[in-house]
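My notes follow in the order of the look-ups.

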Amino acid sequence: MSLLLGRRPVSMQVAALCLDGDTGKVLLITSRGTGRWVIPKGWPMAGRTLARAAEQEAWEEAGVRGQINHAELGRYSYDKDQDSGFSVPVEVRVFVLNVSSLAETFPEDDQRNRQWFSPVEAAQRVREPGLKQILLGLSRGQSPDANITSATVNRHRVSGSTA
């Protein structure tokens, strides 16, 4: 009975924080359902590491090509609305993708808009509190390079519901 009354276990998604290394700007895309600003994210994929799955999501949702960092930058949580009317808790693991090119056509180009923002501007536009904190961490000079330490990752483990 307690299983029926308790919260469903947290699901995991992966996300790519698409970064222009020259300007320090972050690429945001619009969600398909509500049109709000988000970073490319999706479910883990069989046969791919979490970072490679995030890289694939960046291609499909934003037309981004570049170098994915296999060190996790941070995590945030949100409640994902389901078609049934319920929401499920999701933990998103974020990986930096250093952008080398943007394609004009990509799988979801007719369903999304994309735009570059400074980390502070991006933090003002996203809804998820934990993602805001990760973006603000970039603006404070916490460098998303290949030498990200576990201490940096732990500083960015933020939870928060968007409900």
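This is a predicted model: local features need pLDDT of at least 70, side-chain atom pairs count only at pLDDT 80 or more; totals for chains, interfaces and linings use all residues.

Entry 1, burial cut-off. I count a residue as buried when its relative accessible area is under 20%, and as exposed when that area is over 50%, with partly exposed in between.

The pLDDT averages 85 over the protein, and 80% of the residues reach at least 70. I marked residues 145-163, where the pLDDT is below 50. In the model this stretch still has 39 contacts beyond near neighbours in sequence.

How many salt bridges does a search of the whole structure find? I got eight. I began with Glu-72, which forms a salt bridge with Arg-75 at 2.5 Å between the closest N and O atoms.

Elsewhere I found a network of salt bridges that links Arg-32, Glu-61, Glu-108 and Arg-112.

I describe a pair of rings by the distance of the centres and the angle of the planes. The count of aromatic pairs is two. In one, Trp-37 and Phe-117 are edge-to-face, with 5.2 Å centre to centre and 80° between the planes. Which parts does this pair tie together? Trp-37 lies in strand β3 (residues 37-38) and Phe-117 in strand β7 (residues 114-117), so the pair joins parts 80 residues apart in sequence. I find both Trp-37 and Phe-117 buried.

The pair of Tyr-76 and Tyr-78 is tilted, at 6.4 Å centre to centre and 35° between the planes. Tyr-76 is buried because its relative accessible area is 1%, and Tyr-78 is buried because its value is 4%.

I also checked for a charge over a ring. The charged end of Arg-65 sits over the ring of Trp-59, at 3.9 Å from the ring centre.

Which residues of α4 (residues 129-139) are buried? I list Gly-130, Leu-131, Ile-134, Leu-135, Gly-137 and Leu-138. Around the axis they cover an arc of only 150°, so they lie on the same side of α4. As background, an α-helix has 3.6 residues a turn, so residues three or four places apart point the same way.

I then looked up what covers these buried residues of α4. The cover includes strands β1 (11-19), β2 (26-30), β5 (64-81) and β6 (87-102), and helix α3 (119-125).

Key:
Residues are numbered from 1 along each chain as its sequence is written. Side-chain values use heavy atoms; hydrogens and water are left out. pLDDT is the predictor's confidence in each residue, from 0 to 100. Contact means heavy atoms within 4.5 Å. Rings of Phe, Tyr and Trp (its six-membered ring) pair if their centres lie within 6.5 Å; planes under 30 degrees apart count as stacked, over 60 as edge-to-face and the rest as tilted. Helices (H or I, at least four residues) and strands (E, at least two) are DSSP runs, numbered from the N terminus. Buried means under 20% relative accessible area, exposed over 50%, partly exposed in between (1.4 Å probe, protein chains only). A charge sits over a ring if NZ of Lys or CZ of Arg is within 6 Å of the ring centre and within 35 degrees of the ring normal. The arc is that of the directions from the helix axis to the C-beta atoms. A salt bridge is a side-chain nitrogen of Lys or Arg within 4 Å of a carboxyl oxygen of Asp or Glu.
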